[in-house]
Amino acid sequence: MKAIADSTVILHLSHHESVMKRIIKAEGITELLITRINYLELLAGTSENAKISARKALNRFLILEFDKKSVDTANLLAMKYRVNAKNSKDFLIACIAIAHKIPLLTENNKDFNYAELNVLPYRIGGL
């Protein structure tokens, strides 16, 4: 099964690879994708010295764009949900996942509280 990785998944993969691989396998995920939103969020938050290696690491994932289908989904969901500035990136990630009918793997499932979204929550906590 395909799944979209939230930004925390990407960070956890770089710091807790073996744990994340077990979680991904247990969920039955065979292909992990990211969205353009995750890509930009992670790249923008990377230090200048690490941007090239971060870009290389991110480019190993298939990147789902914020396409017309995602925009249409976002327009519908914006009428249904109130989203603040802090959660606007998560909202856009959720819209891409919903539009493409792909579940979202995240440790921050409270940030993705949309009835239309299939969330695959996990917990690394305590490491």
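Reader: In which helix is Thr-73 found?

Author: Thr-73 is found in helix 5, where helices (H or I, at least four residues) are DSSP runs numbered from the N terminus. This is a predicted model, in which local features need pLDDT of at least 70 and side-chain atom pairs count only at pLDDT 80 or more, while totals for chains, interfaces and linings use all residues. Residues are numbered from 1 along each chain as its sequence is written, and side-chain values use heavy atoms, with hydrogens and water left out.

Reader: Does Thr-73 count as buried or exposed, and why?

Author: Buried means under 20% relative accessible area and exposed over 50%, with partly exposed in between (1.4 Å probe, protein chains only); Thr-73 counts as buried because its relative accessibility is 13%. Leaving aside neighbours within four places in sequence, Thr-73 is in contact (heavy atoms within 4.5 Å) with Cys-95, Ile-98 and Ala-99.

Reader: How do the axes of helix 5 and helix 6 cross?

Author: Axes are lines fitted to C-alpha atoms, for helices over the stretch in contact, and angles run from 0 to 180 degrees between N-to-C directions. Here the axes of helix 5 (residues 68-80) and helix 6 (residues 88-100) come within 8 Å and cross at roughly 115 degrees. Among the residues making this contact are Lys-69, Thr-73 and Leu-77 of helix 5, and Phe-91, Cys-95 and Ala-99 of helix 6.

Reader: Which residues touch the most other members of the largest nonpolar core?

Author: A nonpolar core is a set of buried Ala, Val, Leu, Ile, Met, Phe, Trp, Tyr and Cys residues joined through side-chain atoms within 4.5 Å. In the largest one, of 22 residues, these are Val-9, Met-20, Leu-32, Ile-34 and Leu-105. A second, separate core of 20 residues includes Ala-74, Phe-91, Ile-96 and Ile-102.

Technical notes. Helices (H or I, at least four residues) and strands (E, at least two) are DSSP runs, numbered from the N terminus.
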